[in-house]
Amino acid sequence: MAIIHKGASIVPSKLELLTRWMPQQRWYAGKGQVPRLERVGGFRFEDPEGEVGVEILLVADRSAAPVVVYQVPLTYRGAPLEGAEHALVGTMEHSVLGPRWVYDGPHDPVYVAGLVDTILTGSRSDVAQASAGSNAVAVGAPTGLAAGTVSSSKVLTGEQSNTSVICRMTADGGGPAEPLIVKVFRIVQDGDNPDVVVQSALTRSGSTRVPAAFGHLSGAWDDPSGTGPEQRGHLAFAQEFIPGVEDAWRVALVAAAAGADFTARARDLGAVTAEVHRALAETLGREEPTADAREALLTSMQERYAAAVASVPQLGTRSSDVHDLLGRVRSVAWPKLQRIHGDYHLGQVLDVPERGWVALDFEGEPLRPLAERVRPDLVQRDIAGMLRSFDYAAGSVRLTAAATAGASPDAWAADCRQAFLAGYEGVAGEFDESGRTLIRVLELDKALYEVVYEARNRPSWLPIPVDAVDRILSEKGPAG
Ligand SMILES: Nc1ncnc2c1ncn2[C@@H]1O[C@H](COP(=O)(O)OP(=O)(O)O)[C@@H](O)[C@H]1O
Ligand SMILES: O=P(O)(O)O[C@H]1O[C@H](CO)[C@@H](O[C@H]2O[C@H](CO)[C@@H](O)[C@H](O)[C@H]2O)[C@H](O)[C@H]1O
């Protein structure tokens, strides 16, 4: 068991270190704010060598409204970790142990080994920590589809909302085992994470359209408002790693810039999307939409529009057109509701040789409250998301002037959009007028979400969704 030096002083404190470091992290949601952090939980993994301290802090950021709870795995070392300079959170002076180098856990092999072992063996985090207070133990839950220990690990780089670590594995009896990728959820919320629930359900159903779910870690923390009972949820998710495949966003960008035909892949993606929807309906059920569900959708879309206007005030001039289009969800016929992907775009799908399209990341939109993300929804939301993504690829090519002479990114996107929809309808049947109107409404809704997302994360990309809002509002027909 890890030795915890109760009463030792640490300068600067862990929370002081994090206050400086967190705002620079991609996953920090309160861009431009100084965090006001308070610990609401935390647990430890034991280093079998007894050298490295591994502590996972669950901290509430009170500078945000509503308060956001982050998961921050840290490792404490008595000497610098070679090659991990970029992951140094800071240094501190421990009154008993002397100088400590503090690292972002996913970059430290000792944290990664503890996390994966706890998940795959269905064990508990270091129970010694339980003496430090409530909510101090995290528990692993394996699906039984993977085993072994981590032999090397690497943090995935790129624009992610969470932190994913690719792990090469050694089988229990020696020799290589199947690699895995473990995603550490950075923002944790009370309740089940849809990424875990939906992907695990698809794995159980035998679908190969998602990477196989290998297991998850869950835990509890104090209600950040200090009034309610403890909160609990998923903290990390391990799944099959599919090596050597670029996500379709990168592939599509190259095709869009070159004007290369992508319609066959888009059509196939549409067909697979319909297959995934069917599998989700079969495994997790469908339900009739209620009047309340319709009103809830309308309200959430209106709130999104308000948020988009707060980010880009010029969108306020389109108020009556936006409200007219959004309001159509009241008059059109709705299909039954079901679980969907929820944040479907080209960065979430892999075109795997000999396996075909595989969908990732069923967590839903990271800026949306969990309660909304776990509700059964309209399949049109995913369709709209992917249609927007083809438009985004064209927009990005335009923005970076990456198109080769003669290529027309807009025509490329239009062809892909049509092919995707045709592929979907080839499996699920043709949409009627109402079905297509819902796609168009949800494309507008997605573009409004993207306005807020880009304003926070990539302001130079804002013209892509802002132009899309104009385009969608000026279209005559439903979608296509
Ligand atoms: N199981 C996997 N196999 C291979 N690559 C993966 C896998 N899961 C994720 N990736 C890669 O990591 C990227 C980000 O993963 P994602 O689950 O979308 O993370 P986030 O929730 O942080 O957005 C994907 O676009 C893909 O390139
Ligand atoms: O981090 P996530 O993958 O869960 O999703 C968020 O980030 C995405 C950007 O990485 C964002 O997607 C937007 O940009 C994509 C290109 O980078 C584009 O393909 C999508 O169509 C566009 O929505 C996504 O909206 C956001 O939730």
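Select Glu354 to begin. Is this residue buried or exposed? Glu354 counts as exposed, because 4 C-beta neighbours lie inside 10 Å; a residue is exposed if 12 or fewer other C-beta atoms lie within 10 Å of its own, buried if 20 or more do, and partly exposed in between, with C-beta atoms placed from the backbone. Glu354 sits in the loop between β16 (349-352) and β17 (356-359). Helices (H or I, at least four residues) and strands (E, at least two) are DSSP runs, numbered from the N terminus. Although Glu354 is not a glycine, its phi is positive, about 65°.

Before the next selection, note that this is a predicted model, in which local features need pLDDT of at least 70 and side-chain atom pairs count only at pLDDT 80 or more, while totals for chains, interfaces and linings use all residues. Residues are numbered from 1 along each chain as its sequence is written, and chains are lettered from A and ligands numbered from 1 in the order in which they are written. The chain has a mean pLDDT of 93, and 97% of its residues reach 70 or more; pLDDT is the predictor's confidence in each residue, from 0 to 100.

Next, select Asp361, in the loop between β17 and α8 (370-373). Asp361 is not a glycine either, yet its phi is positive, about 60°. Asp361 counts as buried, because it has 26 C-beta neighbours inside 10 Å.

Now display ligand 1. Which residues come nearest to ligand 1? Of the 18 residues around it, they are Gln160, Asn162, Pro211, Ile242 and Asp361; a residue is near a molecule if its C-beta atom, placed from the backbone, lies within 6 Å of it. The shell around ligand 1 consists of six nonpolar, seven polar and five charged residues. Here Ala, Val, Leu, Ile, Met, Phe, Trp, Tyr, Cys and Pro count as nonpolar, Asp, Glu, Lys and Arg as charged, and the others, Gly among them, as polar. Colour domain 1 (10-240) and domain 2 (248-474): ligand 1 lies between them, because both give residues to its shell. The domain bounds come from an automatic or database domain assignment.

Move to helix α2 (residues 109-120). Its end C-alpha atoms are 16 Å apart, which agrees with the 16 Å that its 12 residues should span at 1.5 Å a residue; the expected span is 1.5 Å times one less than the number of residues. Nine of the 12 residues of α2 are buried, among them Val110, Tyr111 and Leu115. After α2 comes Gly122, with a positive phi near 60°.

Continue to helix α11 (residues 433-457), which has 25 residues and reaches 36 Å from its first C-alpha to its last. Of these 25 residues, 18 are buried. Select Gly429, in the loop between α10 (409-428) and α11. Gly429 counts as exposed, because it has 10 C-beta neighbours inside 10 Å.

Finally, inspect two peptide bonds. The bond from Val11 to Pro12 is cis, with omega near -10°, and Pro12 is in the loop between β1 (10-11) and α1 (14-21). Ala65 and Pro66 are also joined by a cis peptide bond, with omega about -5°; Pro66 lies in the loop between β3 (53-61) and β4 (68-77).
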